[in-house]
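Let's walk through this protein together, one piece at a time. Keep the picture open while you read.

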Amino acid sequence: MMDEGTELSLTVAQIVQRLKGTNLHSEIERQAKECLHLPEITLESLKNDVRHFLKASGWERKLQNAVYRELLVQPPPCHPATPPEHTKEPLAYMRKAQASWEKRILKSLNSMCTELGVPLARKRPAVEQKELTNKWNEMGTDEPDLSRFRPVLISLRNPNHDSSEEASAKSYWGLIQVPLQVRDIPQMREAYSELCLTSGQLGIDDLTRVPPDLFESEHIRVGKKVVCEQDSAAAQQYSRQGCPTALRADLWALILNSTNTPEDVMHYNQLKAGVIHHDLLVDKLIYKDVKLTASNDDYYFVFEDYLYQVLLCFSRDTAVLDHFSYNSATPPKSYIEGRVGEEEFAVVYPPNGVIPFHGFSMYVAPLCFLYNEPSKLYAVFREMYVRYFFRLHSISSSTSGIMSLCLQFERLLQTHLPQLFYHLREIGAQPLRVAFKWMVRAFSGYLSTDQLLLLWDRILGYDSLEIVAVLAASVFAFRAENLMEVTSLASAEAVLADLSTLKVMPLIQIFLFATAI
Amino acid sequence: MAKNKTAAGYKGPSGDQKRRDGEGRSCVRFRCGLTNTIQDVLRQRPGWVEVKDGGEWDFNWCDVGWLRENFDHSYMEEHVRISHFRNHYELTRKNLMVKNLKRYRKTLEREADRIEAAKCDFFPRTFELPSEYHLFVEEFKRIPGSTWIMKPVARSQGKGIFLFRKLKDIIDWKKDGIRSDEQRDETQVESYVAQRYIENPYLISGRKFDLRVYVLVTSYIPLKAWLYRDGFARFSSTRFSLTSIDDHYVHLTNVAVQKTAPDYDPEKGCKWQVQQLRSYLTARHGRETVEALFKDIDNIFVRSLQSVQKVIINDKHCFELYGYDILLDQDLKPWLIEVNASPSLTASSQEDYEMKCHLLEDTLHIVDMEGRLTGKEKRVGGYDLMWNDGPVYTEDVNLETTGSCCFTANTHLGCVNNRKKQLRQLLKPIPGQKRI
């Protein structure tokens, strides 16, 4: 379609467009202007000198990181006549499926609204505002009556779209009958070469019996250097072999290019002010979710207050709307009272366009282990969401999307554990029924925290959620013996109920590199 | 008690390994005074048989009450073991512990130097009341606005404890005799300690917590102590604030007190495993800081035991499993709150039950009625030998290595506890035991 040259200049133009007017842009300009006072800058070689200065002072690296971020996150440029929906999601039937799912959720939200007589949004009276400000750090102590609010559930549906696709010769035993491209083990062995058996890993080679000089000490030394250099791309590459506990917070922030400048803190405080002024219906959903999931979790109950501080602000952050340019979903709209259908009176609801569903808080909870400053925690979470987590609850053709993950999981199982798959199918225990909930949450709340963080290291390192599907399959492989003995869905669930003792890296490594093909 | 008898058919470990008592036992008669986890563990141990009251026993897991009444009248044969030291209260009663620590500190100052003595500064300023009342008032007035905590010396589970800031509060208390209804006997004046309250505890997400750690002592002279790798951090169920010092639930982290708090949810559980805490702290503060912290915690165990070494009646029949309560402050300095001779063995959850079972099984492995150990082990299950008449290092120290600088302490609190594997390699199974 487009030649390489055009594509490149389009990409460059797109990135320039996005970075123009950002804080980074104005900071760099300011730095460049100020450096003119320095003696080493001469008029004859002005351009080079300024460039040199920016490099030495670390600003070039910051720009590099910002560009890298855009390259990773933005979809590739396409033909100028392409409508935006096609950019978000090229496959028509996927768009349809996503749209109809969105409609269902919005309908459920609206009906809850009418039934309970609760407005979608209302301004808080002054007394309430003051109270909330005082209680900001301990919102967990609130016990609002949430019994009438129903959590939004994500459940598995069988989107059996055959439409215009020809019936394939192979038969698939799973629930997902969609012809998406997913990678098989030989392809993944190449893609995930850093995880191979001969390469050191955190999560395997840092355990008690392995002497640290074999891998761990050197890896930590390199990690410290990477943090020093402040290079996003290097941090991402590094993370593939796992991040040392002490360096993980810095490394993840670097990979996500998540800063904590005064502007970021101000932005967060503005969101906080928004929470104080207005009460949204989705706030109740957030409270309910936190109380039902994170507060009952052995590891995360401690962080209850942080979760409110992050999620309530998140709902009001319109900057999140940006990600809808590459998310197959569309933010739900609501109308000012009495003006339904009139576009001028349409507002996105909630302001960030994301309706929180049951279990949503589990995306935030593990991060509380790493960051305790609310604005920093918030910034990292938001970036994680707009890069990865949104794909877990929207229907798309992306390789990191939940559809592909489900399909990949089923394919891996069928190819490499056919006996198990067949058996489970026969007893009415489709594997995806169990694995789905793990994958939607990227295993948060199912694995022990340190294992979960090791898994998320790799999600960041490979910039993809694919590893989640691989882990799901490898868990089945690991417990295959017990699963072959079960005779019902309930007993299969029981065998797979407790994942807290699993060590993820050995499982993944064995599945990818030691499975006979 | 029955004389030493080797039951027929017992095969001990082979050849060159020397056993301690000369003979291991294949049938152990035990008495158990408690009806919780320890009873299950004892009953499930192969070859161990419970004897009823009055019967002769080889092993006794008793409560301190029984000890007080019976110890002095019991004759124990050489092989017999009992789960307390006669005068453990020198370490575990708050006033006596403080007294012993203060005295030990003075000794160090005299015999070594101030730096050495400063290593004992891990307990807050404490005064016994009523005997040290005047000293206490002097200190109290020296630091205006400070908060103090009043604790009865002999009670547990958070009973009778309260905080105060004004002398008036305790003067009133003394006058009213706010002894609770538990006080039966007027003739027995209850002793209290007044201790400086740690106002800047390390908080996680606004919540205060303390650490429960397990230390097993099998001998005081020479001092031999083991540290268990597992333990837990107990969280207060509400946020910490100095404004409401009447709120027991905020300040006291004992599970027993938390259980009665209005928003206590038994399903929730307010504990973290110490491994969890260690990871969390490492992620926040970095490896070196956390390693230094855990080294300071080791120091608390060793020094506190050394302070009572000469006072405790060292009876070779005795061993004791202590529950240490440690509090961290915001500078990551650990403080000793108290030592329990009878740490709770009741389980608050399935996970807790398993942890306590493992703890007790490994305790019994070390007591080694079966005679399977050589005595040279540095690790048994989840226990690491922390002190053996001197510091214990993970590296094997011999004539060649002395002189080289880096020795790491043999303690792994909060580290991975792969006890099953270790036990499999270490011990031959007891006859009749399933493979571990």
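**A strand under cover**

In chain B, strand 10 (residues 207-219) and strand 13 pair in the antiparallel sense over 7 bridges. Two strands count as paired if DSSP finds at least two bridges between them, and the strands themselves (E, at least two residues) and helices (H or I, at least four) are DSSP runs numbered from the N terminus. One such bridge links V215(B) to its partner Y322(B) in strand 13 of chain B.

Before going on, some housekeeping: this is a predicted model, where local features need pLDDT of at least 70 and side-chain atom pairs count only at pLDDT 80 or more, while totals for chains, interfaces and linings use all residues. Residues are numbered from 1 along each chain as its sequence is written, chains are lettered from A and ligands numbered from 1 in the order in which they are written, and side-chain values use heavy atoms, leaving out hydrogens and water.

Strand 13 of chain B also pairs with strand 14 (residues 334-340) of chain B, again in the antiparallel sense, over 6 bridges. Here L327(B) sits opposite W335(B) of strand 14. These two strands form a hairpin with 5 residues between them, and L332(B) in the turn has a positive phi of about 60°.

How many residues of strand 13 (residues 320-328) of chain B are buried? The count is 9 of 9, where buried means under 20% relative accessible area, exposed over 50% and partly exposed in between (1.4 Å probe, protein chains only). In a regular strand, side chains alternate between the two faces of the sheet. Look at strand 13 of chain B: E320(B), Y322(B), Y324(B), I326(B) and L328(B) point one way, L321(B), G323(B), D325(B) and L327(B) the other, and all are buried.

Most residues other than glycine have a negative phi, and most peptide bonds are trans. Now for some exceptions. The peptide bond from L129(B) to P130(B) is cis, with omega near 5°, and P130(B) lies in the loop between strand 5 (126-129) and helix 6 (133-142) of chain B. Another cis bond joins I221(B) and P222(B), with omega about -5°; P222(B) is in the loop between strand 10 and strand 11 (224-239) of chain B.

D389(B) isn't a glycine, yet its phi is positive, about 55°. You'll find D389(B) in the loop between strand 16 (383-388) and helix 13 (419-426) of chain B. Is D389(B) buried or exposed? D389(B) counts as exposed because its relative accessibility is 57%.
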